[in-house]
Amino acid sequence: MTTSPTAGEALTGGEAVVRALAAHGVTDAFGIPGTHNLEIYRHLRAHGIRHVTPRHEQGAGYAADAYARVSGRPGVAITTTGPALLNIAAAVGQAHSDSVPLLVVSPGMPLRHPRQSTGLLHEMRSQTEALRGVAAFSHRVSSVDEIGSAVARAFTLFRTGRPRPVHIEVPLDLLETVEPAGPVRRAPLTGPPAPDPAAVGKAADVLRAARRPALVLGGGARAAAAECAALAEDLGAPVVTTANGKGVLDERHPLSLGVSLHSPAVQKWLADRDVILAVGTELAESDIWGPPPALTGTLIRVDVDPAQMYAGLPADVPLVGDARVLLTALLAECRGGARDVPADHAGVRALRTARDDETRTRDARWLPYLRAVRRVLAEDAVLTSDSAQCCYYGALPHLPLGPEGRYLHPTGFGTLGYALPAAIGAKTACPGRQVVALSGDGGLQFSVQELATAAQLRLPLPVVVFDNGGYGEIREEMAARGDTPLAVDLPAVDLPALARAYGGRGAVVRSPEELADALALALTTPGPTVLTVPEVPEVPEVPDVPEESSR
């Protein structure tokens, strides 16, 4: 590795970008080289940044997103101009929805490019305006010296507020221009602010007086998993999580209701709680699968984003700040007063049964296979998920995880094609952990080309695909409306053969035992392994028409 330039040395814009990334501890980046970004790629090796080349920019974005979720460090993606940047926009939207620190760096039109179109390669009206609509901000720099400040601005956002994706655009002529780069700029190291003692005291008083408390945990509670468990146990409070909060409390814990905010039984129960402590969650429609429930109790909200205190369900007691700091303070306050309300473990078991009874017939097709997956996986395994029935109906509520593991699901924005490239990003971040992608046949084909990426990297990566012959959710929604399903049945694809064509392996598994054996082998075999579980599409019955009526 070459020596990094000194702070006052003149650099090209491309090297200034890479120097700024390295200064913030970036060691991995995802992207695809193009005509306009080659000056960035020239300097990656020299600054110690490894690069993964997905087969599509959307895959680069999903991989960087998952890298950030499991590593705790921002994910970085590099695109070229125009169509490449628009290709990654869906991934940026997903990262914004799920509060993921994703940095996208791209070239842009030259500094003095005329407003009138000239037909320059990849020219578009405004890249910054396009990305501003899905990212926290889009920053177009105007000098080499400004590049370091723009990158520091992005990392400051990642460290001090609600993490959201950022786009930095460097005019393509500036990438090749040699100018003084100024000193190396780094985002300041800041600690979480001290909690407001009065607000913590008020929340503690409410919790100590609660007779029927409940905890709702989202992705923002993940860094405070131990504090959440301790508070739930001290209060005897059952815990329900969002998709992003899956596993914050071990889902085998006697107080855990798992991912079940969408359950009518759980919503009815939640509406009857006298105090609800919601940590790091929007309590959004995508979490609840419908309008927010009409809560009758006092709502305490803990969130780093002040806007969440009046969004959706407004907080009766707002606690703004870092979840771990605030919950530590709450624990200390709550332990100062006696409580005589025992934990209702039997009630939690009964509520779990009621929750599962609601969907027992629908979910039965996945449960034996998910139990097989759970038997094989280590406690710290990472599962990546798609917007597929087998995932949001199956694995989210029915595949138990603890805080050591992770389940990465594209909530809110609800993109398709997330699971496979996300698994590549997760495996890049944590090569020593088991990583498994779960998908449906429709969703997988949005990004199936990333099998080539996994094969090239020789990543031991099982991809479990529940094949229902197309877009099963939309097929069922059409049938429920009384419509004849249209454009939802896809011709069969031999996905295991496709995996072999890309350089991986594949098999059709027709029983949970076959899946367990194949999964165990795939976890130790270099390259991707596609394991297809066939499902029979649920096609609505069409009543017979009597012959005389058809004449």
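In this predicted model, eight aromatic pairs are counted, where the rings of Phe, Tyr and Trp (its six-membered ring) pair if their centres lie within 6.5 Å, and planes under 30 degrees apart count as stacked, over 60 as edge-to-face and the rest as tilted. Local features need pLDDT of at least 70 and side-chain atom pairs count only at pLDDT 80 or more, whereas totals for chains, interfaces and linings use all residues. Residues are numbered from 1 along each chain as its sequence is written, and side-chain values use heavy atoms, with hydrogens and water left out.

**Aromatic pairs and charges over rings**

- Tyrosine 62 and tyrosine 418 form an edge-to-face pair, with 5.5 Å between the centres and 65° between the planes.
- Because tyrosine 62 belongs to helix α3 and tyrosine 418 to the loop between β16 (406–408) and α17 (419–429), this pair ties together parts that are 356 residues apart in sequence; helices (H or I, at least four residues) and strands (E, at least two) are DSSP runs, numbered from the N terminus.
- Tyrosine 62 is buried at 1% relative accessibility, and tyrosine 418 is buried at 0%, where buried means under 20% relative accessible area, exposed over 50% and partly exposed in between (1.4 Å probe, protein chains only).
- Phenylalanine 155 and phenylalanine 158 also form an edge-to-face pair, at 5.4 Å centre to centre and 75° between the planes; they are three residues apart in helix α6 (residues 144–160), which means that about one helical turn separates them, and both are buried.
- One aromatic cluster is formed by Trp289, Trp366, Tyr392 and Tyr393.
- The charged end of arginine 153 sits over the ring of phenylalanine 137, 3.6 Å from its centre, and lysine 246 lies over the face of tyrosine 407, at 5.7 Å from the ring centre; for this, NZ of Lys or CZ of Arg must be within 6 Å of the ring centre and within 35 degrees of the ring normal.

**Helix α3**

- Arginine 69 lies in helix α3 (residues 57–71) and is buried, with a relative accessible area of 12%.
- The side chain of arginine 69 makes a polar contact with the side chain of aspartate 65 at 2.6 Å; a polar contact is a pair of N or O atoms within 3.5 Å, and within protein one must be able to donate a hydrogen and the other to accept it, while residues adjacent in sequence count only if both atoms are side-chain atoms.
- Not counting residues up to four places away in sequence, arginine 69 touches several residues, among them Gln94, Asn244, Arg406 and Tyr418, where contact means heavy atoms within 4.5 Å.
- Glycine 59 is also found in helix α3 and is buried at 3% relative accessibility; leaving aside neighbours within four places in sequence, glycine 59 is in contact with Pro54, Pro421 and Glu450.

**Nonpolar cores**

- Leu277, Leu319 and Leu330 touch the most other members of the largest nonpolar core, which has 53 residues; such a core is a set of buried Ala, Val, Leu, Ile, Met, Phe, Trp, Tyr and Cys residues joined through side-chain atoms within 4.5 Å.
- Another core, of 45 residues, lies apart from the largest one and includes Ala135, Ala423, Leu444 and Leu459.

**Helix α22**

- In helix α22 (residues 512–522), the buried residues include Pro512, Leu515 and Leu519.
- The buried residues of α22 pack against α15 (367–376), β17 (435–440), β18 (461–467) and β20 (528–534).
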